[in-house]
Amino acid sequence: MTAEEWVPHEGGMRKLRARLPDCRGCELWEDAERAVAGEGPVRAEMMLVGETPGDHEDKEGHVFVGPAGHLLDKALVEAGIDRSKVYLTNAVKHFRFEREGKRRIHKTPTAGQVTACHPWLTRELEIVTPSLVVVMGAVAAKALLGSKFRVTQDRGKRLELPGGQAGVATVHPSAVVRSQEFRRDFGLFVDDLRVAVEILDQVV
């Protein structure tokens, strides 16, 4: 499975976004309402990469608009980051879920689905050319840093992505939303974002 044949390798973000709804690179398109594109300035210095759209994102068609997105907004403010100046996207563009009555419960994408969707993320990185990438959660880490990378071991440290960009790994904001130690884990998440700001100041 791969999205390669649907990803345009010429043209900019407008063309990329226009082609995304046609993607049949894996089976997730069959049940999701839509593919959710990344959002933000095309030449953003910082890119934040999450996991997949959630229920709210799938319904509304925008990234990080659900509970995890609201928490991310608060954390960005605490870290001194203007959301309107960063590019936000996900490693996988369709919502993966299972039904529980009328509810749609998020399911982690498989390794095959992450691999299939990777050409979209690669092209976003090529177009945006961020100076720093914040990798949020295990799925994004597998997509960008390999299957052996462990966020819990190496979060909040300067990394180098295979494409040469500086990077920082942290947890996905949804993990903070679910945390039993919310205040502590929110603080740690903000700390990781502050590290990203410091590194960005060094590399631009």
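**Reading helix packing**

Biologist: Which hand does the crossing of α3 and α8 have?

Modeller: The crossing of α3 and α8 is right-handed. Right-handed means that the near helix is turned clockwise from the far one by less than a right angle, and left-handed means anticlockwise. Helices here are DSSP runs (H or I, at least four residues), numbered from the N terminus. This is a predicted model, where local features need pLDDT of at least 70, side-chain atom pairs count only at pLDDT 80 or more, and totals for chains, interfaces and linings use all residues. Residues are numbered from 1 along each chain as its sequence is written, and side-chain values use heavy atoms, without hydrogens or water.

Biologist: At what angle do α3 and α8 pack?

Modeller: Two packed helices are described by the angle between their axes and the distance between the axes. Helix α3 (residues 67-79) packs on helix α8 (residues 182-203) at about 55°, and their axes are 9 Å apart. That makes α3 oblique to α8. Axes are lines fitted to C-alpha atoms over the stretch in contact, with angles from 0 to 180 degrees between N-to-C directions. Under 35 degrees is roughly parallel, over 145 roughly antiparallel, 65 to 115 roughly perpendicular, and the rest oblique.

Biologist: Which residues of α3 and α8 meet?

Modeller: Contact means heavy atoms within 4.5 Å. Among those in α3 are L71, L72 and L76, and α8 brings residues including F182, F186 and F189. The contact has 11 nonpolar, no polar and 3 charged residues. (Nonpolar: Ala, Val, Leu, Ile, Met, Phe, Trp, Tyr, Cys, Pro; charged: Asp, Glu, Lys, Arg; polar: the others, Gly among them.)

Biologist: How do α4 and α5 pack?

Modeller: Helices α4 (residues 111-128) and α5 (residues 138-145) pack at about 70°, axes 10 Å apart. That makes α4 roughly perpendicular to α5.

Note on methods: Helices (H or I, at least four residues) and strands (E, at least two) are DSSP runs, numbered from the N terminus.
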